[in-house]
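Thanks, everyone, for making the time.

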Amino acid sequence: MEKVLTRNIEPGKTPTDMAAYEANGGYQGLRKAMSGMSPQDCREVVSASNLRGRGGAGFPTGMKWSFVPMDDKCTPGHKYLVCNADEMEPGAFKDRLLMEYDPHQLIEGMILSAYCIGADISYIFIRGEYIVAIERLRKALEECYAKGYLGENILGSGYKLEMYVHPSAGRYICGEETALINALEGKRANPRAKPPFPQVSGLWGRPTIVNNVETLCNIPHIIDRGAEWFKSLGVGEDAGTKLFGVSGRVKNPGCWELPMGTPIREILENHAGGMQDGLQLKGFLPGGGSTDFLTKDHLDLAMDYNVIGKAGSRMGTGTMIILDDQTCPVGMVLNLIRFFAHESCGFCTPCRDGLPWTRQVLEDIEQGRGKVEDLDTLEYQVNYIGAIGNTHCALAPGAMEPLQSALKYFREDFERHISGGCCPYHSGKGA
Amino acid sequence: MSNAKMIQSDVSSVLTLKEMAEIDHELEHIPYKAGAAIDALKIIQAGRGWVSDECLQAIAKYLGMSSEELEGVATFYNLIYRRPVGEKVILFCDSVSCWISGCDSVKQTLSDTLGVDYGETTKDNRYTLLPVPCLGACDRAPVMMVGDDLVTHLDDNKINELFSASKTGDQS
């Protein structure tokens, strides 16, 4: 398969600088756009490519951009493009790779995307712990300004764009785009009510697009090589390639660029090398910590947004977390719920109070104090907190996804904890 | 003295000229002052390790916001420290992939070696131990950060290697 996003990337090797990036076709998409494509031409190519957001929601990128008021429909003032590089989903480790090893690819994607929506200021909102990525992106930005790829009159086109690296002060909820915008404005990162959507009223009340790192990294290739080429990369329903990751107790955990629609079994067995010796696959979260469990019955499904959706989960970030048969599913869900309870912004009651309550019930079960009626409580919480519309944003419903599917697939494990009065997997890892 | 000058003199007895210059630099591309709240907190913390009450009040004045509002911002974020920390902060990942890979027992070894639990600083003031959400290096789990450095594939031996000096040093 042709490598697109990772063609310059080999972990352990030197990350690409300007010279290396350009030597391998870098900034060709930018040159092409600046020397004869209008923003509308570029947007049309991206829309036709069927690129869908790689941050987790899978929303079509071209459609997201189409809500930004253009030219005569927009009052004078700034427009913003923000790269969501706040990778904090438990089990997600793909954007780090793209930023650390090929920072110019992201920057080129951002310049082109900003051009598409007519933005004149752009931010890379990156988690503060990504020290190496921050350093390399800053260096790459300097190289871009020096070459005239950023700043006034980019490549003589008359187009102007400023770009800043903005390290976050750290909070999972900043990954939610309106929370991210509040964080950029120096506020607590509580998500905003929608509408108005950020495309119309985002950063400082101006039109703003927030896109994920991997989404933006696709743009230079789509502009350079066209929509049809991009669509031909997928082997299933969806277009392009995707970074798929596997973590947990497999032989070869890692992250690989593969065609969209690659079957789960191929990722797990051929790339991750299967389970470590002596362990069996019990289940997996296909797209990070806020997606529903799937089981070995789902191994032949294609990693496509709609296919995984129909199976009752979400493709999310495409980074899978593997549950083996010797790790406690209750303990795993408890770990996730602890995370979400800690990272709740505290704005709405079902999330602020409901998640700690859920955590307490799970702790009781894991530590052998559970009662049969606790399972009803968990079901109630899944139905109430998990329903979109009962909470201010998607954090708490996301938190409920692994729990509701664990109750479905691993109910026996919950019951054994309660009837036995202890964790049957007890291996020092529990509680 | 005018009110503005009084505020200015209050502030400049706490914040350094360099710190104020750095905050001003951030303000150049921010439409209103309070918008630089997080940047200002980070600037102060970068030089001093943490944000004291005194500094928080000075920043609030400098940015024309109430200290209560700024405190609400400061305490929201995991990486703004409102209590003193050691020379290096250890951010220990306790999220799901690291947990599956046995981070709880590594954490126990780390705590035993350094003599601290989450939220505590070693007696020699070298390390503060904090939990952190998923560090995005799940293929190399368990992981942690020690200062600016990511340390991967953690196990008891690695902890012993890294911190044996602390263990045998002047800690009691």
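Let me start with the interface, where 39 residues of chain A are in contact with 36 residues of chain B. Please bear in mind throughout that this is a predicted model, and that the totals I quote for chains and interfaces use all residues, whereas local features need pLDDT of at least 70.

Which elements of chain A each supply at least two residues of the side that touches chain B? They are the strands β5 (241–247) and β6 (254–259), together with the helix α13 (329–343). Of these, α13(A) gives the largest share of that side, namely 5 residues. Sorted by class, the side of chain A that touches chain B is made up of 16 nonpolar, 12 polar and 11 charged residues.

Let me stay with the partner for a moment. Chain B holds 8 helices and 4 strands, and if you follow the elements from the N terminus, you will read α-α-α-α-α-β-α-α-β-β-β-α. The C-alpha trace of chain B extends over about 60 × 35 × 25 Å along its principal axes. Of the 172 residues in chain B, 41% are buried, where buried is to be read as having 20 or more other C-beta atoms within 10 Å of the residue's own. If we take the contacts in chain B between residues at least 6 apart in sequence, 63% of them join residues at least 24 apart.

Now back to chain A, and to a sheet that I would like you to find on the screen. Four strands of chain A form an open sheet in the order β3-β2-β1-β4, with parallel pairing. Because β3 (162–167) and β4 (208–212) of chain A stand at the edges and have a single partner strand each, one side of each is left without a neighbour in the sheet. On average, neighbouring strands here are turned by 20 degrees against each other, if direction is ignored.

Looking at one pair in detail, β1 (residues 80–85) and β2 (residues 121–126) of chain A run parallel and are joined by 6 bridges; as one example, A:L81 has A:S122 in β2(A) as its bridge partner.

Finally, there are the helices to consider. Helix α6 (residues 103–117) of chain A lies across β1, β2, β3 and β4 of chain A, at about 145 degrees to β1(A). Helix α8 (residues 177–184) of chain A also lies across β1, β2, β3 and β4 of chain A, and its angle to β1(A) is about 105 degrees.

Terms used:
Residues numbered from 1 in each chain as written. Chains lettered and ligands numbered in written order. Predicted model: local features only at pLDDT ≥ 70, side-chain atom pairs only at ≥ 80, totals over all residues. Contact = placed C-beta atoms within 7 Å. Nonpolar A, V, L, I, M, F, W, Y, C, P; charged D, E, K, R; others polar. Buried ≥ 20, exposed ≤ 12 C-beta atoms within 10 Å, placed from the backbone. Pairing = 2+ DSSP bridges. Axes fitted to C-alpha atoms, helices over the stretch in contact; angles between N-to-C directions.
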